[in-house]
Amino acid sequence: MSVIIVGNGVLGLTTAYRLAQLAPDLPVKIIGPDHHKGCASLAAAAMLNSFCEVEPRTLNHPILKERFLLNREAVPLWPEFLKNLINESGVQIYHGFGTYLIENHAADELDDLNFNAVIDALKKFEEPFSYVESSQIPNYAPSSRLRAANAILIPNEGFLNPVDLFAALKARLQQFQNVEFVNQTVDHVIANGSSVRSVVLNNGKQVDGTMFFLAPGATFSKIVEKSNLPISFPKVFYGVGCSILLKTGDFTHSYCVRTPNRGLACGVYSAPFDREHTIIGASNFISPVPEDAVRLTSVHTLIEAAMEQINTVFYRSQLVKVNVGWRPTSEDTLPILGQTQLDNLVVATGTKRDGLHCSPLLSTLFARLLLKESIDYDLSLYSPHRKRVSLFTRDEAIEDSVNHTINAAYQHGFVPAHNRMIEELRSYYQKEFSDLHDKVGAIEWGIPPELVNMYKFGHLS
């Protein structure tokens, strides 16, 4: 028996790590380029947040609630996972626990709704948190007009340095003689009847195996389209986002500081990268194709947010690096996880910004599936062969799209005139999104706000 892992992102590496723990003598090949171009995890903070991502509809919708519970179940696994990996690999992983969630006035009332939804969820699940004065947040010194009106500390939600995490995973896996890294990308998969036979690399070489794990992130659909498999999967798009790494010296954070979700993304966040650097994020837009470089507007927004919403002293920090990553986003925004109808193919993609966060849990499930063992977690909601799931009614989708579009505008410098501009904008977007729903026949269901452009420009129908 041998396992071929397509993709050397966080799910590929952590699944290989779990396989090595469960079956040390099992031959495993991990196929992926050493440069990790477009890797979503390496462009992340990375935040270990689940409650901070809650929005008003999260716990009232059965599917959204189940996805939240998946995220929440992963959080308590991190301390032991990190401890064991650090000890086994000999590589230190900079990390910590404690997240300050702030409610400032950089956008509009959508921030208030999301902040209150987080509070309600924390209370409902009896998750520890405390209200704090914004002046008590270490190295938080925003401009006066954008200081936080409210702030809480969630002690169990944290952060880690993803570069350290990848280094530790690789170091540990290289200690196993049966684990091999292949510095290539996969062009397509070859199936024979009800099974996968091999994968073909971009250099033309064919790699055979017994079990296959397809976890290439946002390039999933590109590989599937070339493979002519006897099965179909939901489409996966590129959720292009960026973060900036600053050398902040004495003003480096000791905890994660972030806003609630806003404007189709996770809001503004600031997290320690190490003792000298702070990482600021994030941005997001969905694209049918990868973008190799970051858009100037994204960098401008993050720099401005860092200096005005996080710490005014960051004006003299040094811009060390701009990261760009492709968050894999499926056509219904849910992950694509689990065993396929091909008996030796397991897939994992569409996790958006939750792949790293959930990896201690998901990697164990995937490893057991690849070893043909039973698992005690129901992944049917995320079935690779599901029909497109509708998370919105038509009215809900239109309302959310209007709210997020206007909220995002504020983050990009929008200042409304002293007249009925906001009311008129809402009316304009209401009609635009209603017309789009009519055009694509979305009568009994709604278009997810982040996928509006995919429908608008014909990438989804």
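Visitor: What should I know before I start?

Guide: This is a predicted model, in which local features need pLDDT of at least 70 and side-chain atom pairs count only at pLDDT 80 or more, while totals for chains, interfaces and linings use all residues. Residues are numbered from 1 along each chain as its sequence is written, and side-chain values use heavy atoms, with hydrogens and water left out.

Visitor: How do I read a sheet, and what is the order of the six strands here?

Guide: Begin with the terms. Helices (H or I, at least four residues) and strands (E, at least two) are DSSP runs, numbered from the N terminus. Two strands pair if DSSP finds at least two bridges between them. Here, an open sheet of six strands is ordered 7-2-1-11-19-18, and its pairing is mixed. Strand 7 (179-182) and strand 18 (336-339) are at the edges with a single partner strand each, so one side of each has no neighbour in the sheet. On average, neighbouring strands of this sheet are turned by 15° against each other, direction ignored. For such angles, axes are lines fitted to C-alpha atoms, for helices over the stretch in contact, and angles run from 0 to 180 degrees between N-to-C directions.

Visitor: Which strands pair with strand 19?

Guide: Strand 18 pairs with strand 19 (residues 345-349) in the antiparallel sense over four bridges. The two form a hairpin with five residues between them, and Gln 339 has Val 346 in strand 19 as its bridge partner. Strand 11 runs parallel to strand 19 and is joined to it by three bridges; there, Leu 214 stands opposite Val 347.

Visitor: Is strand 19 buried or exposed?

Guide: Buried means under 20% relative accessible area, exposed over 50%, and partly exposed in between (1.4 Å probe, protein chains only). In strand 19, five of the five residues are buried, so the strand is largely enclosed by the rest of the structure. Leu 345, Val 347 and Thr 349 lie on one side, with Val 346 and Ala 348 on the other, and both faces are covered.

Visitor: Which helix lies across strand 19?

Guide: Helix 6 (residues 220-227) lies across strand 1 (3-6), strand 11 (211-214) and strand 19, and runs at about 130° to strand 11.

Visitor: What does Leu 85 touch?

Guide: Contact means heavy atoms within 4.5 Å. Leaving out residues up to four places away in sequence, Leu 85 touches Tyr 17, Gly 90, Ile 93, Leu 165, Ala 168, Leu 169 and Arg 172. Leu 85 lies in helix 3 (residues 78-89) and counts as buried, at 0% relative accessibility. Leu 85 and Arg 172 are 87 residues apart in sequence, but 7.6 Å apart in space, C-alpha to C-alpha.

Visitor: How many cavities are there?

Guide: Rolling a probe the size of a water molecule over the atoms shows where empty space is left. On a 1 Å grid over the protein atoms alone, a cavity is a set of points where a 1.4 Å probe fits but cannot get out, and lining residues have an atom within 4 Å of a point. Grid points are joined across faces, edges and corners, and a volume is the space filled by probe spheres set on the points. By this rule there are two cavities of 30 Å³ or more.

Visitor: What lines the largest cavity?

Guide: The largest cavity has a volume of about 40 Å³, and its lining includes Arg 67, Asn 71, Asp 354 and Cys 358. Helix 2 (62-74) and helix 8 (355-370) are the elements that give two or more residues to this lining.

Visitor: Which strand gives the most to the lining of the second largest cavity?

Guide: Strand 12 (residues 236-247) does, with three residues. The second largest cavity holds about 40 Å³ of space, and Phe 285, Arg 295 and Val 324 are among the residues that line it.

Methods. 1 Å grid on protein atoms, 1.4 Å probe; cavity = no way out; pocket = protein on both sides within 12 Å on 5 of 7 lines; lining within 4 Å.
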